[in-house]
Amino acid sequence: EKGGYDHFMLKEIHEQPKAIRDTYRGRLLRNEAIIKMAGVEDNMKKFLNANRIIIVACGTSWHAGLVAEYIFEDLARIPVEVEYASEFRYRNPVITENDVLIAISQSGETADTLAAIKLAKSKGAFVFGVCNVVGSSIARESDAGAYTHAGPEIGVASTKAFTTQITVLSLIALRLSRAKGTISSSDFRHHLLELEMIPKKVEQALKSDAHIKKIADIYKNVSNFLYLGRGYNFPVALEGALKLKEISYIHAEGYPAAEMKHGPIALIDENMPIVVIATKKGHYEKVVSNIQEIKSRKGKIIGIVTEGDIQVRDLADHVIEVPESLDSLSPLLTTIPLQLLSYHIAVLLNKNVDQPRNLAKSVTVE
Ligand code: M6R
């Protein structure tokens with residue numbers, strides 16, 4: 001059932017090219033230059049009249065929501081707020097009939113996310129669900145939705161659910177940008193083409209596996225990790241840190257790279273590995289200067305870079321390459337080495353990768 005892999009997590013990491021393709025299949029019609037999503041089409045007025053989109057989720061799904069915030073605002077020019085479902089529901093939030101609430105959940109059973117939906121519905125907001133499990137409570141409770149077609153995710157640490165959530169949310173953002181006219185038709189076509197190429201590029205990124213395992217071996221005994229990223233890759237830094245915490249029990253924190261100097265920089269010394277996402281299109285020069293700041297404090301740098309990069313390679317202790325893509329789609333690639341890094345560290349430390357202590361696949365308690 002693990003298809004020849006040692007763990008479900010590794011199997012699911014490797015399933016991502018297929019999972020992403022399955023998620024856009026039938027929706028991304030490149031030859032016709034359209035995106036077809038019934039749940040969006042049928043409710044286009046609600047989306048277009050929305051004052052804002054509120055995204056609610058927990059854990060990894062919340063990180064996908066953060067990536068979506070960047071895409072929606074950047075492409076569709078719709079204001080977005082991303083909320084932890086648990087905070088949102090308990091703080092007497094301002095919700096109106098002109099709000100669209102998008103709930104993201106792999107399992108579709110997360111208690112706080114479900115409660116946030118019910119609250120939003122009671123205030124008259126339109127609720128759109130992005131779930132993986134068909135027929136789940138959140139899917140049923142939503143007014144409309146779009147499934148991720150990741151297939152069953154067994155590993156407690158979410159991997160393919162995350163990348164397929166980003167895929168669905170990118171499709172929605174692109175569809176809305178087209179409807180709103182905030183994207184030109186040539187940019188739109190370009191995005192469709194780039195999204196279609198992602199599965200092949202994920203395959204390429206997966207080839208760094210053996211190299212990543214060596215890096216994992218070097219750092220497996222440290223007690224802290226820092227993950228830094230900017231823009232679209234800031235949420236990827238958060239997700240990378242969460243993945244490491246969950247399965248290796250090593251303390252890790254994700255930060256927007258520019259926030260480093262507002263505190264975490266105090267932690268940096270020769271024992272601190274820092275994973276920095278430094279792809280070519282995402283504020284590259286700014287990230288390079290953050291890397292220089294780390295280096296002058298002797299931190300160990302693991303750079304996630306675009307293929308062929310030389311500048312970061314010169315500065316970093318290690319680099320892991322991913323293929324080039326659009327900035328907005330880069331999280332689908334940069335997240336792959338981070339999944340593999342935490343996987344290998346956990347395996348080398350003999351941890352129970354698929355069922356880490358204290359964690360459940362779906363959190364149905366509040
Ligand atoms: O099923 P959901 O997407 O609603 O689950 C949300 C979180 O519980 C989940 O993403 C959790 O953080 C994972 N263990 C992350 O790997």
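Colleague: Which residue of β11 does alanine 278 stand opposite?

Modeller: Happy to start there: alanine 278 stands opposite valine 305 in β11. Please keep in mind that this is a predicted model.

Colleague: How do you know that β10 and β11 are paired?

Modeller: Two strands count as paired if there are at least two bridges between them. β10 and β11 are joined over six bridges, in the parallel sense, so they meet that condition.

Colleague: Where do these strands sit in the sheet?

Modeller: They belong to an open sheet of five strands with the order β9-β8-β10-β11-β12 and parallel pairing. Neighbouring strands of this sheet are turned by 20° against each other on average, direction ignored.

Colleague: What makes β9 and β12 the edge strands?

Modeller: β9 (251-256) and β12 (318-322) each pair on one side only. Take β9: six bridges join it to strand β8 (residues 224-229), and the two run parallel. Within that pairing, asparagine 224 has histidine 251 of β9 as its bridge partner.

Colleague: Which helices lie across these strands?

Modeller: Helix α11 (residues 209-219) lies across β8, β10 (273-278), β11 (300-306) and β12, running at about 150° to β12. Helix α12 (residues 234-248) lies across β8, β9 and β10, and runs at about 175° to β9.

Colleague: Why is glycine 303 called buried?

Modeller: The cut-off for buried is under 20% relative accessible area. Glycine 303 has 0%, so it counts as buried. Its place is in strand β11, where six of the seven residues are buried.

Colleague: What does glycine 303 touch?

Modeller: Not counting residues up to four places away in sequence, glycine 303 touches Val276, Val312, Ala316, His318, Val319 and Ile320. Glycine 303 and histidine 318 are 15 residues apart in sequence, and their C-alpha atoms are 6.2 Å apart in space.

Colleague: Is asparagine 290 buried or exposed?

Modeller: Asparagine 290 has a relative accessible area of 2%, under the 20% cut-off, so it is buried. This residue is found in helix α13 (residues 284-295). Leaving aside neighbours within four places in sequence, asparagine 290 is in contact with Arg230, Ala257, Ala258, Met260 and Lys261.

Colleague: Why is tyrosine 84 called partly exposed, and why does tryptophan 62 count as buried?

Modeller: Buried means under 20%, exposed means over 50%, and partly exposed lies in between. Tyrosine 84 has 41%, so it is partly exposed. Tryptophan 62 has 11% relative accessibility and therefore counts as buried. As for α5 itself, 13 of its 18 residues are buried.

Colleague: How do you know that arginine 357 lies over the face of tyrosine 249?

Modeller: For a charge to sit over a ring, CZ of Arg must be within 6 Å of the ring centre and within 35 degrees of the ring normal. Arginine 357 is at 3.8 Å from the ring centre of tyrosine 249 and lies over its face. Arginine 178 likewise lies over the face of phenylalanine 188, at 5.5 Å from the ring centre.

Colleague: How does the reach of helix α7 compare with the expected value?

Modeller: Helix α7 (residues 111-122) has twelve residues and reaches 17 Å from its first C-alpha to its last, close to the 16 Å expected. Its buried residues, among them Leu114 and Ile117, pack against β3 (52-57), α6 (85-90), β5 (99-105), β6 (126-131) and α8 (137-141). Glycine 124 follows α7, and its phi is positive, near 90°.

Notes: Residues numbered from 1 in each chain as written. Predicted model: local features only at pLDDT ≥ 70, side-chain atom pairs only at ≥ 80, totals over all residues. Heavy atoms only, no water. Helix = DSSP H or I, 4+ residues; strand = E, 2+ residues; numbered from the N terminus. Expected span 1.5 Å × (residues − 1). Buried < 20%, exposed > 50% of the residue type's maximum accessible area, 1.4 Å probe, protein only. Contact = heavy atoms within 4.5 Å. Axes fitted to C-alpha atoms, helices over the stretch in contact; angles between N-to-C directions.
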